Amino acid sequence: MTWTELDRQAMRLALAEAAKGRGMVEPNPMVGAVIVRNGQIIAQGHHERFGGPHAEVHALDQAGPGAAGADLYVTLEPCCHHGKTPPCTERILAAGIRRIVAAMLDPFPKVAGGGFEQLQHAGLTVECGLEEDTARALNAAYLKRLITGKPHVLAKWAMTLDGKIATATGDSRWISGPGARACVHERRGVMDAIIVGLGTVLADDPALTARPQGPRTPRRIVLDPGGSIPLASQLVRTAQTIPTLVVANARASNEAILRLEAQGVEILRQPGSSKIDIPTLLDALGKRGMTNVLVEGGGRILGAFFDAECVDEVDVFIAPVIEAGDHASIPVRGQGKKLMAQAQRLERVQIEDLDGDARIRGWVPASWRRTAGLVCSDATSKS
């Protein structure tokens, strides 16, 4: 299919609109919409909050009567079912839109091509696939939870140039500078949860909050098989006001669990008395409606997530300092690979300078993305 430069401009604007909903709309997808009439952009909108009007509705409200005979660009297939809001397809047809250009179909079972089918049946021209790769990347977390039932996992750490996350004494404040730390707080503010191990709690006594507060208040999750997190820790002391979850197993005594619950800590107990099972944990978090979780460490926890092949994305800050110690304070302490050729090479890598710190972001290759088949078929694309 051949699209014009105006088509591409409109869809890129719709994608930028969609991104404005980050942290506000989950577990729904981020969606943006743009309306073009006679070669001019006349309206735009995005899904602003979970349960609120969809992007198409905001754009159509802005366009008013001008929507009749216009083209609608939307980053995701319009919904065709009654959920928290009426079907967008009905509103599109009532407005008199003549052509729909979508970035991608929506694999949600109640939509999954049905929106396109309704619009085509009513005589609208429907085209799909414009900027699809960007649209899929934007909503990677939504797609993963929909397909696998698990949330998108972002692994984050800061380290020295020689690969240390702390000194031999455990001191880690501060490896990275203010710019990097501001980025971390910004990302925390759009997460459903922040995950650390008991070792991080004992070493740093973190608050695990976003400062300033973002659109979401992430649940603080501690992987603590024995339920031995100190009652005096910041996480426990603030559990009455900021959601805190301790993941324990059979190693935790009933008395320890009751003490934590009395402080407002929620307990998620797994069977067995060995390590916390990461895939089982992510299944549980997905069932709780979580779409994005941030794993902040320490090294053994990050290693466990990598060993379980449960990391989707990394965000790493490398400071131009050398610690030079001969110790094990490294960011990822998993089983590792026997051969360098087996090491995971990131995709969609971005590198930027943050006031002298290097920030490297990228996706870990994942089988669910390759096998999802989230492309527009000939049956739902028409010129």
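Trainee: How are α3 and α4 oriented to each other, roughly parallel or roughly perpendicular?

Mentor: This is a predicted model. In it, the axes of helix α3 (residues 88–95) and helix α4 (residues 114–121) cross at roughly 25°. Angles under 35 degrees count as roughly parallel, so α3 and α4 are roughly parallel to each other.

Trainee: Within what distance do the axes come, and what is the handedness of the crossing?

Mentor: The two axes come within 10 Å, and the crossing of α3 and α4 is right-handed.

Trainee: Which residues meet there?

Mentor: From α3, Thr89, Ile92 and Leu93 meet Gly115, Gln118 and Leu119 of α4.

Trainee: Which residues touch the most other members of the largest nonpolar core?

Mentor: They are Met11, Ile35, Ile92, Ile97 and Ile100, in a core of 45 residues. Helix α1 (residues 5–19) supplies the largest share of this core, with five residues. There is also a second, separate core of 30 residues, with Trp157, Ile276, Ile278 and Val293 among its members.

Trainee: What is Ile100 in contact with?

Mentor: Setting aside neighbours within four places in sequence, Ile100 is in contact with Leu72, Val74, Ile92, Leu119, Leu124, Thr125, Val126 and Glu127. Ile92 and Leu119 in that list also take part in the meeting of α3 and α4.

Trainee: Changing topic, which residues of α12 are buried?

Mentor: In helix α12 (residues 299–307), the buried residues are Gly299, Ile301, Leu302, Gly303, Phe305 and Phe306. Their cover includes the strands β6 (152–159), β7 (193–197), β8 (219–223), β11 (292–297) and β12, together with helix α11 (278–287). After α12 comes Glu309, with a positive phi near 55°.

Trainee: What does Gly334 touch, leaving out residues up to four places away in sequence?

Mentor: Gly334 touches Gly303 and Asp307. Gly334 is in the loop between β12 (313–318) and β13 (347–354). Its C-alpha is 5.8 Å from that of Ala304, although 30 residues separate Gly334 and Ala304 in sequence.

Trainee: Is Gly334 partly exposed or buried, and what about Ser329?

Mentor: Gly334 counts as partly exposed because its relative accessibility is 33%. Ser329 belongs to the loop between β12 and β13, and Ser329 is buried, with a relative accessible area of 18%. Not counting residues up to four places away in sequence, Ser329 touches Gly163, Lys164, Ile165, Ala166 and Thr167.

Trainee: On the backbone, which residues does a cis peptide bond with omega of about -10° join?

Mentor: That bond joins Arg173 and Trp174; Trp174 is in the loop between β6 and α7 (178–188). A cis peptide bond also joins Glu26 and Pro27, with omega about 15°. Pro27 lies in the loop between α1 and β1 (32–37).

Trainee: What of the phi of Ala112 and that of Leu208?

Mentor: Ala112 is not a glycine, yet its phi is positive at about 40°. Ala112 sits in the loop between β4 (99–102) and α4 and counts as partly exposed at 45% relative accessibility. Leu208 is likewise not a glycine, and its phi is positive at about 55°. Leu208 is in the loop between α8 (198–204) and β8 and counts as buried, with 3% relative accessibility.

Trainee: Lastly, what is the mean pLDDT of the chain?

Mentor: The mean pLDDT is 92, with 96% of residues at 70 or more. Over residues 373–383, pLDDT is below 50; this stretch has 32 contacts in the model beyond near neighbours in sequence.

Note on methods:
Residues are numbered from 1 along each chain as its sequence is written. This is a predicted model: local features need pLDDT of at least 70, side-chain atom pairs count only at pLDDT 80 or more; totals for chains, interfaces and linings use all residues. Side-chain values use heavy atoms; hydrogens and water are left out. pLDDT is the predictor's confidence in each residue, from 0 to 100. Contact means heavy atoms within 4.5 Å. A nonpolar core is a set of buried Ala, Val, Leu, Ile, Met, Phe, Trp, Tyr and Cys residues joined through side-chain atoms within 4.5 Å. Buried means under 20% relative accessible area, exposed over 50%, partly exposed in between (1.4 Å probe, protein chains only). Helices (H or I, at least four residues) and strands (E, at least two) are DSSP runs, numbered from the N terminus. Axes are lines fitted to C-alpha atoms, for helices over the stretch in contact, and angles run from 0 to 180 degrees between N-to-C directions. Angles under 35 degrees count as roughly parallel, over 145 as roughly antiparallel, 65 to 115 as roughly perpendicular and the rest as oblique. A crossing is left-handed if the near helix is turned anticlockwise from the far one by less than a right angle, and right-handed if clockwise.
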